[in-house]
Amino acid sequence: MDTTSVIYIVIGLAILLIAVVVAALIIRRAGVRRRGASASGVSRETEAGTQGTSPDVEHAVVLTASQSETETVPASSIPTAGQDTRPSSPLQAPESSSSRLVRLRARLSKSANPLGKALLTILSKSHLTEGDWEDVEDTLLLADVGAETSAHLVEQLKSDVRVQGEADHAAVREMLRNRLLAIVDAGMDRTLFAERAEMQRSDAPKPSVIIMVGVNGTGKTTTAGKLARLFVAEGKSVMMAAADTFRAAAADQLETWGNRVGVSVIRSDQDGADPASVAFEAAHEAQDKNVDVLVVDTAGRLQNKANLMQELGKIRRVVEKTAKVDEVLLVLDATTGQNGMAQAKVFAEAIGITGIVLTKLDGSAKGGIVISVQQELGVPVKLVGLGEGPDDLTVFDPPAFVEGILASS
Ligand SMILES: Nc1nc2c(ncn2[C@@H]2O[C@H](COP(=O)(O)OP(=O)(O)OP(=O)(O)O)[C@@H](O)[C@H]2O)c(=O)[nH]1
């Protein structure tokens, strides 16, 4: 063997050795990543297990404990508050509350306007006949003000007109404004619990829990995401729970909302996992991390499905093992009109509701549902959704709403 051959053999062996070392390193790193994911799942089992003191939360353990090493829920499926779930794209800065109010007021005036316009056209006539009053009532009914409230409002307006006699357009407008304001406002407290002064103190119990409920497709997940942005814009720390385990896409949807503003989402990747377990886990995590607000998204359910309505009660009970549920917000689609009333009554009985979110008011001329839902349930409309944009949610402001109804009429 000559010298050149020996050199080639040595170089070949060296290359082989380097390749073996590199391959070994790659395999080792991959092994650590997998173990990391498994360990995370196991540690969460233990955590849930130690807390699972009630039969209600047994499933919190089942959520991961029934899985073998290879089946363990990947860490990414139940991110923790400390875990960075954000994408590489920069975080969005949500619109400030004041600027969103100005922008959305203009939109509200467009959505509710037909009601005011129609009412003022009739009421501005010089002699109102019984037929005119019937038209007023029909206009109110068509705008979903509700039968009882419409009849009551007509009686009040009749008496105003009798007292005032002949009145000009401005006087009629003022009369209508006062009556509508009295009906819409009803002196209700519309502040979200998390916004109250007592919750701003450093010793306030945390988290303030908000549960979103409602029938399918009303906008619960979207509103949960928008609400998280509202709180983030106010400088609050927020966490969300995807207790809609029925529809995997809902958890993804919520995670996308969370990622945009840097809010962690607690979820399970197992379809059909117990939603109460996810909510329990999230409450526990939020308390551990001293998070200000936890928003729990739930699956849409028809109000006539008794078992699904009972599930809501369970979610609430399980969360309350850890943190007080301050708000249960019923999300109603404004375009479904009086059907929304039937839903509201059943949800109120099943879980108790503290406020209404009226979504899709941008696509509806039926702002009257605001009036009827409050009158019949005694629960305030706290928020309104005025579009699909991320910041198209605002606190409900009665004077602005009434001005919107009467704008440019
Ligand atoms: N125009 C308009 N669309 C809205 C508003 N809020 C929600 N949406 C839309 O309504 C649709 C349903 O919203 P989701 O948030 O998925 O509804 P959900 O109640 O979570 O649905 P389920 O989980 O299936 O019950 C989506 O296309 C939203 O963009 C709103 O205020 N205005």
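1. The model is predicted. The protein has 14 helices and eight strands. Of its 409 residues, 41% are buried. Among contacts with a separation of 6 or more, 77% are between residues 24 or more positions apart.

2. The sheet. Eight strands form an open sheet with mixed pairing, in the order β3-β2-β4-β1-β5-β6-β7-β8. The edges are held by β3 (264-266) and β8 (393-395); each has a single partner strand, so one side of each is left without a neighbour in the sheet. On average, neighbouring strands of this sheet are turned by 25° against each other, direction ignored.

3. Strand β2 and its partners. Strand β2 (residues 238-243) pairs with β4 (residues 293-298) in the parallel sense over six bridges. Within this pairing, Val238 has Val293 as its bridge partner, and Met239 stands opposite Leu294. The pairing of β2 with β3 is also in the parallel sense, over three bridges, with Ala241 opposite Ile266.

4. Burial of β2. Six of the six residues of β2 are buried, and the strand is mostly covered. Both of its faces are covered: Val238, Met240 and Ala242 lie on one side, and Met239, Ala241 and Ala243 on the other.

5. Helices on the sheet. Helix α9 (residues 248-261) lies across β2, β3 and β4 and runs at about 170° to β2. Helix α11 (residues 306-319) also packs on the sheet, where it touches β1 (208-213), β2, β4 and β5 (325-333). The direction of α11 makes about 170° with that of β1.

6. Nonpolar core. The largest nonpolar core contains 88 residues, of which Ala228, Met240, Ala279, Leu294, Val295 and Val296 touch the most other members. Helix α10 (residues 275-288) gives the most to this core, with seven residues. Leaving aside residues up to four places away in sequence, Val296 touches Val209, Ile210, Ile211, Met212, Ala241, Ala243, Ala279, Ala282 and Val319.

7. Strand β6. Five of the five residues of β6 (residues 355-359) are buried, so the strand is largely enclosed by the rest of the structure. Gly355, Val357 and Thr359 point one way from β6, while Ile356 and Leu358 point the other way. Strands β5 and β6 run parallel and are joined by five bridges; in β6, Leu358 is the bridge partner of Leu332.

8. Most residues other than glycine have a negative phi, and most peptide bonds are trans. A cis peptide bond joins Lys206 and Pro207, with omega about 0°; the place of Pro207 is in the loop between α7 (197-200) and β1. Asn290 has a positive phi, near 55°, and lies in the loop between α10 and β4.

9. Is Asn290 buried or exposed? Asn290 has 10 C-beta neighbours inside 10 Å and therefore counts as exposed. Lys360, by contrast, counts as buried because it has 22 C-beta neighbours inside 10 Å, the cut-off for burial being 20 or more.

10. Val10 lies in helix α1 (residues 3-51). With 10 other C-beta atoms within 10 Å, Val10 is exposed. Its C-alpha atom is separated by 64 Å from that of Lys236, a residue 226 positions away along the chain.

Notes. Residues numbered from 1 in each chain as written. Predicted model: local features only at pLDDT ≥ 70, side-chain atom pairs only at ≥ 80, totals over all residues. Pairing = 2+ DSSP bridges. Helix = DSSP H or I, 4+ residues; strand = E, 2+ residues; numbered from the N terminus. Axes fitted to C-alpha atoms, helices over the stretch in contact; angles between N-to-C directions. Contact = placed C-beta atoms within 7 Å. Buried ≥ 20, exposed ≤ 12 C-beta atoms within 10 Å, placed from the backbone. Core = buried A, V, L, I, M, F, W, Y, C linked by C-beta atoms within 7 Å.
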